[in-house]
Number of protein chains: 2
Amino acid sequence: MDKLVSIIEEELNQLGALKVDAPLLHPKSLWLESGRWEKMNKELFSFEDRYHRQYCLQPTAEEMITKIFVGFGTPKRKSFPIMLYQTNHKFRDEMRPKFGLFRSREFLMNDLYTFDISKEEGLKTYTTLSELYLRVLSGILGLKVYVVEADSGEIGGSVSHEYHVLNDCSDAIIYVCEKCKKAVDNTLFLKGHKPCGSCSESFTELRSAEIAHTFQLGVEFSKKFRAVFGSDSVWMNCFGFGLGRIIAAAIDQLACEGNSIRLPLKVVPYKVAFVPPSVSTKGYNASSFAESLISQLVETEQLKDDLFVDDRTKLSVARRISSSADLGIPNIFVAGSFTARSLKTTPLIEYFYAGPREAPRKVADLTHNDLFELVKNL
Amino acid sequence: MDKLVSIIEEELNQLGALKVDAPLLHPKSLWLESGRWEKMNKELFSFEDRYHRQYCLQPTAEEMITKIFVGFGTPKRKSFPIMLYQTNHKFRDEMRPKFGLFRSREFLMNDLYTFDISKEEGLKTYTTLSELYLRVLSGILGLKVYVVEADSGEIGGSVSHEYHVLNDCSDAIIYVCEKCKKAVDNTLFLKGHKPCGSCSESFTELRSAEIAHTFQLGVEFSKKFRAVFGSDSVWMNCFGFGLGRIIAAAIDQLACEGNSIRLPLKVVPYKVAFVPPSVSTKGYNASSFAESLISQLVETEQLKDDLFVDDRTKLSVARRISSSADLGIPNIFVAGSFTARSLKTTPLIEYFYAGPREAPRKVADLTHNDLFELVKNL
């Protein structure tokens, strides 16, 4: 999860977005000002403090972040677009919490709010961020995502897009044009919207799960909170990555039979597992060979925090190879009885790879040099 | 703040502690089980969901983490000590929130819980972590801290230590032995405890603020939640860094007159500021010289995310030097009129340093080589 957060935050920082740590406790007055206290009331976790002042836990942060933006005073023209984000817990009193990380009442989200001096500039920023979203989900994480035109619901604004992955046990349904792969959500489809204007009349109904969303908020919140540039309300967009959902979706899309986890390489818990020989392995040199190898791997810059050594040497090598694969570790180096026998001539390390939707399989026998060459390029 | 979190988490990871993302919403049943629902009730933010089930927001996490520990099943002997930590928001309905980040009702904390198979092992773990706490606060951050023997209060257990910094506007009072610098808190002192057993009868009364605390919890929680190893309840300790408090204390301890922020080098927002010439600077080469320097600095590995370029070239150089210092940036490189004049012979960059409790002062004129030599060692 920390790796996923870093990937996203680095992309946002490079665009010049600023990280804030916004409060999770929101005063009721803030939500009365936007008119959403009543509107979202059933989904809000709300309560009083010891002095009977009312609060809620943030279900989303348009109000709070717009307020923070206004608190800055009037920024200079060249400071725009102004982009503020947080990586924080959100809380929604869901009617039916279910599907594990897909619909929980407390969840981790990276949410970004952008402010522009005009609609035209705002739409440019929306495009830039939409590209970033696709780059992260599809380019960096390698997930197959559908960009779905969606109903904006409670968040407001007129245009919104959701990023969906196929998921059989979810409850969302999207309609995808078979030709251009554009998609709309269920609500829009029922209102008569087609996935695409032109290319086809045949749409596939697919079961999917939302893992990110983007909204063109327009001036709805900036008007209410008097967020202006000159005499005009600023144009706002907002964007959110559902972090737990992304991990869950990735596991679901890539996992192997028998609940063995597979993950995109950028978010695996460790890139490399090393399996030293079992106590029962013959050849007394094998353990010390493995130990010297481990101490060299530990020193390798590329493996900092990314090396997992399974030293449960009472267990068989095969058992430990599947353990590593089950945890989602893709590259597994093994110094077992094969290595022990090779020590007389050229020492060789077995290399197993656990790819998406497949059991770990041996791909090569590596010399010492091969191994470090491979590690250098991970 | 992110830098402070990284420092602490890296130290904990190196000890073998595991990071968890524990829920912030705790069911009432959890707190009834420990007997603290009534005890802490006024400090708890509590509320009902739409089905009238009761929850509170975590004020501390002994209950939740012990429950998570029990959920693991029985760990092997050699897995001990087991150390679980989170970096997360805490919530306490303070009677009198005040002192900015020192007593707020929502605050960020790094809290760690350790589990040992015996009291003896537990005390060893307590010592190891106490050393880590001192290393972070005093060694890495360079703060002057007092380790204060303290009353355990609501957290429970028998022995606890707080880490205090001197702070005139705080409301805590500690009693320090003038000779050995050992200290006790107000409550213990009123109960007749002395800061040290032996060396002196004269104690100084000091006004201070708590920035971290550590507790020997013993078996209080493990008994209630049946956290056992074999037939014995495991021994628990807990430890917490108040992250906002540490930053506030550091600013307070190091700041310069006129609200100019100074911070420990490890947590400054940027290590280096670069001030290019003002538009009014004579010598047309100066800007292009500055630009080429900036592009080289950007490429420097040591300055990744640590270089701040103040390109408000309509403002004077002097004004921008103080701006950088006000933000807490210690090393300030300036290419102003002095540099412009030097370009005919040997180009020189002015180096200003803004140390703790002092205004930025010029310390050297650097050649290109001097500059990069210095940057390499930051």
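Predicted model: local features only at pLDDT ≥ 70, side-chain atom pairs only at ≥ 80, totals over all residues.
Residues are numbered from 1 along each chain as its sequence is written, and chains are lettered from A in the order in which they are written. Local features need pLDDT of at least 70 and side-chain atom pairs count only at pLDDT 80 or more, while totals for chains, interfaces and linings use all residues; side-chain values use heavy atoms, with hydrogens and water left out.

**Chain A as a whole**

Chain A holds 12 helices and 19 strands. Helices (H or I, at least four residues) and strands (E, at least two) are DSSP runs, numbered from the N terminus. The C-alpha trace of chain A spans about 80 × 55 × 45 Å along its principal axes. Chain A has 378 residues, and 51% of them count as buried, meaning under 20% relative accessible area with a 1.4 Å probe and protein chains only. The domain assignment, which is automatic or from a database, gives domain 1 (1–254) and domain 2 (272–377) of chain A. Their centres, taken over C-alpha atoms, are 43 Å apart.

**How the copies are related**

**A three-stranded sheet in chain A**

Strands of a sheet pair through backbone hydrogen bonds, either parallel or antiparallel. Here, two strands count as paired if DSSP finds at least two bridges between them. In chain A, 3 strands form an open antiparallel sheet in the order β2-β4-β3. β2 (25–27) and β3 (46–48) of chain A each have a single partner strand, so one side of each is left without a neighbour in the sheet. The twist from one strand to the next averages 40°. In the pairing of β3(A) with β4(A), Glu48(A) has Gln54(A) as its bridge partner.

**Strand pairs**

The table lists some of the pairings.

| Strands | Sense | Bridges |
|---|---|---|
| β3(A) and β4(A) | antiparallel | 3 bridges |
| β5(B) and β6(B) | antiparallel | 10 bridges |
| β6(B) and β14(B) | antiparallel | 8 bridges |
| β15(B) and β16(B) | parallel | 3 bridges |

**Strand β6 of chain B**

In strand β6 (residues 106–116) of chain B, 11 of its 11 residues are buried. Residues pointing one way from β6(B) include Leu108(B) and Leu112(B), while Phe107(B) and Tyr113(B) are among those pointing the other way. Asn110(B) in β6(B) is the bridge partner of Thr87(B), and Leu112(B) stands opposite Phe239(B) in β14(B).

**A five-stranded sheet in chain B**

In chain B, 5 strands form an open sheet with mixed pairing, in the order β16-β15-β17-β18-β19. The edge strands β16 (307–309) and β19 (361–366) of chain B each pair on one side only. The bridge partner of Phe274(B) in β16(B) is Val309(B). Helix α9 (residues 285–299) of chain B lies across β15, β16 and β18 of chain B, at about 160° to β15(B). The axes behind this angle are lines fitted to C-alpha atoms, for helices over the stretch in contact (heavy atoms within 4.5 Å), and angles run from 0 to 180 degrees between N-to-C directions.

Methods: Buried < 20%, exposed > 50% of the residue type's maximum accessible area, 1.4 Å probe, protein only.
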